[in-house]
Amino acid sequence: MASDGSDQDSRWILALDAGGSGIRATAVGRSGKAFAMSRQRLTPLPGPDGAVEFDPEKIWKIVISVTQSLFDKHPDLGQPDAVAVTVQRATFCLWEEKSGKPITNLISWSDVRSAETAARMNRSVLWRIIRLGAGIAARVTGNAFLRTASMLRFTTVHVSCRLKSLLDQNPSFREACREGVLRFGTLDTWLLFRMSGGRIWATDTSNAAATSLYNPFKLKWNRLFCWLFDIPVTILPPVLNSVDDFGMTDPDSFAGVQAPVKALVGDQMAALFGHRCFDPGEVKVSKGSGGFVTINVGPKPRFSPRGLFPLIAWSIGGKATYMLEGQVASVGTLIDWLSSELGFAASPEELDALAEEAVDSGGVVFLPTPLGIRFPYFRSEMRCAVFGLGLGTTKSQLARAMYEGIAYRIREIIEGIEKDLKVHVRQLKVDGGVSRSTILVRLLSASCGIPVLRSAEQELSSVGAACMAGIGAGWWRSEEELRDIPQQYEVFSNPREEELFNREYSRWRLAVHLAHRYSRGQKALP
């Protein structure tokens with residue numbers, strides 16, 4: 001964290017951040033900085049290849065545990081002014097309306113088992129007709145929503161695909177949904193439901209838009225998509241602003257905390273807010289279990305012709321701010337896998353040091369795609385690939401190649417967004433646990449050829465969500481007041497390496513295209 005207890009006064013906000021690799025309870029003061037935090041690691045349940053699930057009850061128990069631990073470490077805290085909740089988006093479960101008992105695990109956004117469902121929906125004659133009709137109408141009217149719909153390709157990231165796959169495999173669940181027995185909720189909705197003692201069932205626009213079942217243009221659930229995927233719209237929760245009145249927490253259910261919940265927001269959206277990326281064109285990269293390249297596109301939704309669907313960054317006072325986002329599905333999880341499972345190093349820190357030993361990758365090319373590759377390819381079946389291994393290849397060169405691969409993948413996403421939006425990204429702001437890897441941040445700057453600003457505050461999602469709740473609690477009147485709060489960044493700029501990385505980047509992209517063709521069953525060479 002960037003600050004210590006000197007920032008604390010009697011007023012503070014409790015920010016709960018439930019990410020893919022851990023759950024945090026963070027205390028944020030009126031300085032807009034975190035001054036205390038309790039964290040517990042989170043690991044997915046064991047399962048078949050492509051499955052990423054979490055136990056909803058276990059996650060709730062961890063939330064209680066980290067919250068209680070925060071109060072135990074800081075017994076003078078008192079009650080917070082407000083509570084903010086930020087979560088990994090598009091992770092959902094179903095539970096019984098009356099008992100509140102979950103009947104499914106939380107199915108993560110990174111779960112790729114619905115790949116065939118997504119492919120089948122994209123191939124369906126009905127969807128092709130809808131896309132064709134939308135495309136024709138868009139040419140006539142210039143309507144952005146219709147043009148976006150005409151280009152949309154469903155992927156495993158979309159809740160619609162994973163939920164349909166779940167209901168197709170369990171017809172009794174679909175019937176129970178139709179009868180009104182079950183409720184659907186993304187992780188934010190589940191946590192809000194539990195911390196309110198089962199009284200409140202709601203979500204916000206940022207989390208709703210990330211499901212693909214919500215229309216970000218009209219700000220309501222998309223009944224056409226619900227019908228298309230055979231998902232009863234009645235199971236979907238009410239949608240509020242990101243900064244809103246989400247009711248009071250129940251102290252008997254939530255570790256003695258009794259405070260108003262003033263903000264619900266997706267984790268990447270919260271990090272964008274925490275970086276104060278309030279202007280269109282500003283970009284941040286969050287590197288945790290995955291890597292997320294997020295760009296603010298302003299008050300109107302914009303689309304990418306190659307597959308990025310408009311998302312809502314946040315909504316305050318009924319006004320939405322939009323964003324586009326490209327994902328690297330595995331960053332921290334890939335580093336952990338190389339460290340623990342393959343035994344490259346005893347820890348991620350040792351892996352960093354190992355990679356630092358190599359002056360270059362020795363011609364090794366690493367594709368960081370254990371969970372598939374998304375924008376602009378969207379191939380969930382792709383897996384990691386390594387090219388250029390020789391008998392002289394060292395462990396340090398292979399470790400460096402892995403970090404280079406992550407940097408190249410982020411560069412590829414940034415270049416794609418620049419091309420699709422016709423913008424120029426001048427700098428990157430980075431956060432997240434993996435941003436502590438200096439070699440990765442340095443390689444990212446060298447690869448992209450632009451400055452990279454590493455936040456001194458690691459918990460940008462927590463801080464961003466807390467700042468939203470601060471607006472809801474009356475601490476600040478708007479985003480503009482938050483601009484005046486100073487932030488600390490370490491700047492990385494490596495222009496001297498840009499020429500080298502342009503040459504190596506071309507080799508890396510060739511490897512991506514070869515692997516892409518292989519994953520589709522095409523011949524790589526004539």
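1. A cavity is here a set of grid points, on a 1 Å grid over the protein atoms alone, where a 1.4 Å probe fits but cannot get out. By this rule there are 6 cavities of 30 Å³ or more. The model is a predicted one, and every value in this note is to be read accordingly.

2. On overall form, the chain contains 17 helices and 22 strands. Its radius of gyration is 22 Å, close to the 24 Å that the globule rule gives for 526 residues, so the chain is as compact as a globular protein of that length. Taken along the principal axes, the box filled by the C-alpha atoms is roughly 60 × 60 × 45 Å.

3. The largest cavity holds about 370 Å³ of space. Its lining consists of 23 residues, and those nearest the centre are Val 157, His 158, Leu 311, Glu 325 and Gln 327. Strand S17 (residues 319–328) supplies the largest share of this lining, 3 residues. Sorted by class, the lining of the largest cavity comprises 11 nonpolar, 7 polar and 5 charged residues.

4. For the second largest cavity, the volume is about 150 Å³. It is lined by 15 residues, and Lys 33, Glu 457, Pro 486, Gln 487 and Gln 488 are the closest to its centre. The lining of this second largest cavity is made up of 7 nonpolar, 5 polar and 3 charged residues.

5. Turning to open space, the second largest pocket has a volume of about 550 Å³. Among the 26 residues lining this pocket, Asn 122, Phe 154, Tyr 377, Phe 378 and Arg 379 are the closest to its centre. Which element gives the most to the lining of the second largest pocket? Helix H2 (residues 115–123) does, with 4 residues. The classes represented in the lining of the second largest pocket are 13 nonpolar, 7 polar and 6 charged residues.

6. The axes of helix H10 (residues 267–274) and helix H15 (residues 460–472) come within 7 Å, with a crossing angle of roughly 75°. H10 and H15 are therefore roughly perpendicular to each other, given that angles of 65 to 115 degrees are placed in that class. On the H10 side, the contact involves Asp 267, Met 269, Ala 270, Ala 271, Phe 273 and Gly 274. These meet Leu 460, Ser 461, Gly 464, Ala 465, Cys 467, Met 468 and Ile 471 of H15. By class, the residues of the contact of H10 with H15 are 9 nonpolar, 3 polar and 1 charged.

Conventions: Residues numbered from 1 in each chain as written. Predicted model: local features only at pLDDT ≥ 70, side-chain atom pairs only at ≥ 80, totals over all residues. Heavy atoms only, no water. Axes fitted to C-alpha atoms, helices over the stretch in contact; angles between N-to-C directions. Helix = DSSP H or I, 4+ residues; strand = E, 2+ residues; numbered from the N terminus. Parallel < 35°, antiparallel > 145°, perpendicular 65-115°, else oblique. Contact = heavy atoms within 4.5 Å. Nonpolar A, V, L, I, M, F, W, Y, C, P; charged D, E, K, R; others polar. 1 Å grid on protein atoms, 1.4 Å probe; cavity = no way out; pocket = protein on both sides within 12 Å on 5 of 7 lines; lining within 4 Å. Points joined across faces, edges and corners; volume = space filled by probe spheres on them. Rg over C-alpha atoms; globule rule 2.2 N^0.38 Å.
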